[in-house]
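Please load the model in your viewer and keep the selection panel open.

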Amino acid sequence: MKKISLLIFFSLIIVPISFAQQNNPTLLTIDGEKISKNEFLRIYNKNNQNLQSGDQASIDEYLDLFINFKLKVIEAKNKQYDTIPSVKKEIQKHEKELAKPYLVDEKVLDTLIREAYERSKKEVKASHILIKFPNNMTYEDTSFAYKKTKEIRKRIINKKAPFREVARATSDDPSVKKNGGNLGYFTALQMVYPFESKAYNMATGQLSGPVKTKYGYHIIKKTGERKAKGKVRVAHIMLIAPQSMPPEKRNEKEEKINEIYHKLMAGADFSEMAKKYSDDKGSARNGGKLPWFGVGRMVPSFEKAAFSLENIGQITTPVKTSIGWHIIKLLDKREPGSFKEEKDKLQRKITDNPRYSIARDSLIEKLKRVYNYSENDSAYNKFAREVVHEQEVDLSFADENIEEKTLIKFENHTYTVHDFYNYLTEDVSKELQKKYKGKYYLDEAYRTFRDNKIIEYEKEKLPEKYPEYKYTIKEYTEGILLFEIMDRKVWTKASEDTSGLKQYFNNHRDNYKWNERFKGKIYIADNKELLRKAKKLKKGGLFKKSWSDQELLDKFNTENEKKLKIKKGMFVQGENEIIDLYAWDIGNKREIKKDKPFFVKGEIIPPENKKFKEVRGAVLADYQNHLEKQWIKQLKDKYTIEINKETLNTLKEKQ
């Protein structure tokens, strides 16, 4: 919880600001570290709300908080918390994420976002045949797959063979046996980019040539196009009944789903029925609710039934899918939004999508021109001839004389064959090693190596090029250090210091008291006659014992119908309106009586001290605050703090 709040705090301070150095005097010096006026203002302008009162904090009030924050960060740096492996890893992770928007061609990215939006207005239906690439593929493998794809296409055209039959006979897509290659309708960002682009740019009925994706070569036949249906949110009740289930069991499931449907039509609550009967336990807990979805996300029969619902609250008749039986209820539906409404969501999706590399590759090409990039093709080709043998890369054949030859050069950076050799032996990804083989592997590794070097250099220059990036990195780093030192010095320390926690509680017992409470029970009945009977049985008599609560519940309730409810416990004022009325005469008796009849048994408990186990959470929070105050006092005694009064006064004048 603490970590989340800190990250929220630091996410608030990320705003692009142009810093004019000539108007940025030092405001504060702590232990020799100078902190500028603009650094303080950057945080103050986003965090100037007093969390307790909601009033704007004054410069003086906020400066005191800012000094406390800086003291903790400086202490963390001096104790070298930034060298702790877990902390370093987290800082590097944030640096990578924050650098992402700067390491792509912005214009190309915007074009991709706009293209995805325009495509999302339509849904395309297509069938395909896939000739899959093997793992550890070579150039020969891709050539073979290409030729095979061309031959299959000729077979479809020349022999006029039905696409479905050819797909079943030739396609490597495992779903082809069921669907004959038919992928149904899909929209933008649901298929790999080359496949999507070809399908959207074809005419309906057209057959494509070989389309290369990371999976292999595809033949695509476009069979339809329509306006996008948008998204729906539904709830469902599902009974599992796959084909592998014995016929008599499947018949039982069908009878049961029909029984549930008739109960729903008679007025049964859908949410309660889902909780009680649905085999989809994940959604059943939430009344059968499923996340929003569009086309291509559900099995076709389920999708068709869900999108056929027109009115909110409408329910389908039982729907059969490969999984079993479903009853579907429409909760909400929405059309595709405007570009402005959808842009941020599309950008997030594209950032996590392989097509993001298109914008990255475009930036790399621009950077090569800016940084006067050059390659030594002859050195690379000679190295490749030495190490590639019979579709294997054997680095033991590398000639030492060539290792010092320059491979790539840009700005003041030079990388040799030896640097690439080290990359191959130490840093190349396992994914690359699994995917490619021989010369294909070496070429892909070389491309990755040289692209990474350009990007790494550009990343180093980001703080110089973009001041807002520099300050954001600093703020995130300080936030991570703050969390780490707070956890060690305050949060974890307090939770593990059992004796100190109890001692603090004993010294501050008067801070943890119960107000007046009511200890008792509320008996709520469906009607007055039932309540009268329950009262009589509870009271007992001269020759009849008083009935226990469980005996009353067993008498008046059944599995499907709860006519009597009993709430018992310790109640404070404001917790329960019936108790408020009965114990403290607070509330409106007439309004409460309108609901269901009730009677109350119990007594008022006078104020008393709380037990440690009852308030451990509150005591822990107070003890943490106590430790933090002590620690801040120690830090203020340890470090020299100098405030530039002149700069501070100029800030106050502008407040």
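**Whole protein.** Begin with everything displayed, bearing in mind that this is a predicted model. The protein contains 27 helices and 20 strands. Its radius of gyration is 35 Å, well over the 26 Å that the globule rule gives for 655 residues, so the protein is more spread out than a compact globule.

Next, select residues 374-375, 406-410 and 413-416, which are strands S10, S13 and S14. In what order do the strands lie in this open sheet? The order is S10-S13-S14, and the pairing is antiparallel. S10 and S14 are the edge strands, each of them pairing on one side only. Zoom in on S10 and S13, whose antiparallel pairing extends over 2 bridges. Display Ser 374 here: its bridge partner in S13 is Lys 409.

**H16 and H19.** Two packed helices are described by the angle between their axes and the distance between the axes. Select residues 377-387 for H16 and residues 438-465 for H19. Their axes come within 11 Å and cross at roughly 140°. The crossing of H16 past H19 is right-handed. To see the contact, show side chains for Tyr 380, Phe 383, Ala 384 and Val 387 on H16, together with Lys 439, Leu 442, Asp 443 and Tyr 446 on H19. Coloured by class, the residues of this contact comprise 6 nonpolar, no polar and 2 charged.

**H21 and H26.** For the last stop, select residues 498-507, helix H21, and residues 616-638, helix H26. At what angle do H21 and H26 pack? The angle is about 100°, and the axes are 10 Å apart. H21 and H26 are therefore roughly perpendicular to each other. On the H21 side, display Gly 500, Leu 501, Tyr 504 and Phe 505; they meet Arg 616, Val 619, Leu 620, Asp 622, Tyr 623 and His 626 of H26. Colouring by class gives 6 nonpolar, 2 polar and 2 charged residues in the contact of H21 with H26.

Terms used: Residues are numbered from 1 along each chain as its sequence is written. This is a predicted model: local features need pLDDT of at least 70, side-chain atom pairs count only at pLDDT 80 or more; totals for chains, interfaces and linings use all residues. Side-chain values use heavy atoms; hydrogens and water are left out. Two strands pair if DSSP finds at least two bridges between them. Helices (H or I, at least four residues) and strands (E, at least two) are DSSP runs, numbered from the N terminus. Axes are lines fitted to C-alpha atoms, for helices over the stretch in contact, and angles run from 0 to 180 degrees between N-to-C directions. A crossing is left-handed if the near helix is turned anticlockwise from the far one by less than a right angle, and right-handed if clockwise. Contact means heavy atoms within 4.5 Å. Ala, Val, Leu, Ile, Met, Phe, Trp, Tyr, Cys and Pro count as nonpolar, Asp, Glu, Lys and Arg as charged, and the others, Gly among them, as polar. Angles under 35 degrees count as roughly parallel, over 145 as roughly antiparallel, 65 to 115 as roughly perpendicular and the rest as oblique. The radius of gyration is taken over C-alpha atoms; the globule rule is 2.2 Å times the number of residues to the power 0.38.
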